[in-house]
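Me: I would like to go through this model and ask what stands behind each term used for it. Please set each value against its cut-off.

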Number of protein chains: 2
Amino acid sequence: MPDIRVLLVDDHPVVRAGLRAMLADFDGVTVVSEAADGGAALAELSRLHALGEPVDLVLMDLQMGGGMDGVTATGRIKAGEAGSPPPPVLILTTYDTDADILAAVEAGAAGYMLKDAPPEQIRQAVVSAAAGQTALAPGVAAKLMGHLRNPETALSPRELQILELLATGLGNRAIARQLFISEATVKTHLVHIYGKLVVDNRTAAISVARQKRIIRDS
Amino acid sequence: MPDIRVLLVDDHPVVRAGLRAMLADFDGVTVVSEAADGGAALAELSRLHALGEPVDLVLMDLQMGGGMDGVTATGRIKAGEAGSPPPPVLILTTYDTDADILAAVEAGAAGYMLKDAPPEQIRQAVVSAAAGQTALAPGVAAKLMGHLRNPETALSPRELQILELLATGLGNRAIARQLFISEATVKTHLVHIYGKLVVDNRTAAISVARQKRIIRDS
DNA sequence: CGCGGCATCAACCAATTGGTTGATTCAGCC
DNA sequence: GGCTGAATCAACCAATTGGTTGATGCCGCG
């Protein structure tokens with residue numbers, strides 16, 4: 001049984017060093033290369049693919065300093081821009097908000113783990129994701145299951161997008177401009193957001209969304 | 001020349017693994033122990049001090065999930081709660097806001113490095129901080145100098161109080177009611193707050209205030 | 001004493017947000 | 001095909017927020 005060949009993608013040298021060391025302790029897993037952002041990951045995948053040394057799993061963070069972020073990179077990997085069949089992507093990050101999880105899952109990530117996870121959990125996730133299964137951190141799985149049980153209270157992707165822009169300080173008109181929609185549409189979405197979060201103004205919506213880890217701290 | 005004895009403090013196993021590996025490559029540096037938050041760091045320092053095996057340097061993150069944060073722990077270490085003379089504290093974190101840097105420096109940290117720093121920079125910082133010198137990442141030093149040149153106008157205690165209530169989702173009238181003042185007073189304070197934060201609406205004020213760590217979780 | 005900063009308050013108007021009602025289109029599902 | 005949810009848009013009005021001008025009183029400091 002050949003080793004699972006892993007590409008590490010994280011902008012922090014410390015984290016890459018830690019992952020190398022941690023994965024070196026896992027039987028059946030080999031770190032074949034590293035990259036410091038999404039762009040470098042795409043290039044490295046292409047290079048290895050061209051050499052006939054394909055990667056079995058991409059283990060990647062979401063935030064990459066100034067470089068291409070993990071969600072964008074995941075989308076492009078899944079679109080076959082770095083070789084086909086595209087390898088599964090396992091996200092390993094500190095961010096646990098609905099917005100982050102949703103963006104990664106929609107981009108095609110096979111798994112989502114948090115950096116505070118113990119090594120055994122990460123090992124399980126690596127093995128599962130490489131085998132084509134879904135690999136979610138317990139808290140992330142609970143969040144998604146919560147959404148399945150109470151779908152009527154979950155924000156739609158568009159609602160989430162608007163809420164995030166709201167939290168950065170934009171007014172309705174600025175949000176409309178940025179999303180190329182009308183102000184009336186923004187207001188309609190806000191009405192829906194307020195209803196789902198059971199609030200009656202924007203600052204309360206932002207506060208509740210932060211408390212519930214729907215959006216990140218700014 | 002004996003090795004610099006280092007205590008690692010970070011809530012992420014991956015990061016601790018990375019730091020162990022990275023520091024293992026540095027001549028003259030030994031990782032003698034680890035802790036996952038500030039409280040555990042204090043306990044470990046006390047334990048080692050009582051065994052006659054004092055630590056030369058604490059390498060510590062700022063955010064520790066649910067545990068004691070790095071600033072609080074730094075303050076208590078410098079106050080001698082874990083043995084005297086207290087070892088220098090070198091902060092290694094992803095956070096580079098002025099408020100975070102200032103808080104750590106004011107708490108007594110000897111250095112402040114960012115996790116995206118290459119290994120050689122971290123090695124230099126470890127050696128400098130252990131030798132009792134200041135060790136700042138280049139970007140951090142620039143920020144501190146900028147802060148000294150242009151001291152930021154601080155919010156008054158009352159302004160802060162109003163901003164905090166605002167961030168919980170209260171409107172002007174509710175804030176006024178809670179503080180037993182008029183709505184006109186609330187609005188006046190908000191005008192001052194917006195001016196100091198250079199924003200023109202409440203959500204932007206909250207966003208900027210959170211970014212600058214003027215306020216924290218709602 | 002004069003000054004500046006802080007807290008408080010008011011009046012007035014402009015601008016934005018919140019609430020409601022109504023509508024259309026599209027995609028997915030049964 | 002009918003239904004539902006999501007996205008989009010409009011009109012209209014009520015409520016709140018933002019901006020400006022002006023004022024008073026208290027405290028600490030030089």
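Me: Which residues come nearest to DNA strand C?

Reply: The model is predicted. Of the 18 residues around DNA strand C, those that come nearest are A:Tyr194, A:Arg202, B:Ser156, B:Arg158 and B:Ser182.

Me: Which part of DNA strand C do the atoms within 4 Å of the protein belong to?

Reply: Sugar or phosphate accounts for 70% of these atoms, and bases for the rest.

Me: Which helix gives the most to the surface near DNA strand C, and what kinds of residue are found there?

Reply: α9(B) gives the most, with five residues. At least two residues each come from α8 (172–179) and α9 (183–197) of chain A and from α9 (183–197) of chain B. By kind, the residues of this surface are four nonpolar, eight polar and six charged.

Me: Why are β4 and β5 of chain B called paired strands?

Reply: Pairing needs at least two bridges. Four bridges join β4 (residues 89–93) to β5 (residues 111–114) in chain B, so the two strands are paired, and they run parallel. One of the bridges has B:Ile91 with B:Tyr112 as its partner in β5(B).

Me: What makes β2 and β6 of chain B edge strands?

Reply: The open sheet of six strands in chain B has the order β2-β1-β3-β4-β5-β6, with parallel pairing. Its edge strands, β2 (29–35) and β6 (135–136), each pair on one side only.

Me: Why is the interface described by an area?

Reply: Because the size of an interface is often given as the accessible area lost when the parts come together. Between chain B and chain A about 2200 Å² is buried, with 68% from carbon and sulfur atoms. B:His12, B:Val14 and B:Thr203 supply 26% of the area that chain B buries against chain A, more than any other three residues. The contact takes 33 residues from chain B and 33 residues from chain A.

How values were computed
Residues numbered from 1 in each chain as written. Chains lettered and ligands numbered in written order. Predicted model: local features only at pLDDT ≥ 70, side-chain atom pairs only at ≥ 80, totals over all residues. Heavy atoms only, no water. Near = heavy atom within 4 Å. Nonpolar A, V, L, I, M, F, W, Y, C, P; charged D, E, K, R; others polar. Contact = heavy atoms within 4.5 Å. Buried area = accessible area lost by both parts, 1.4 Å probe.
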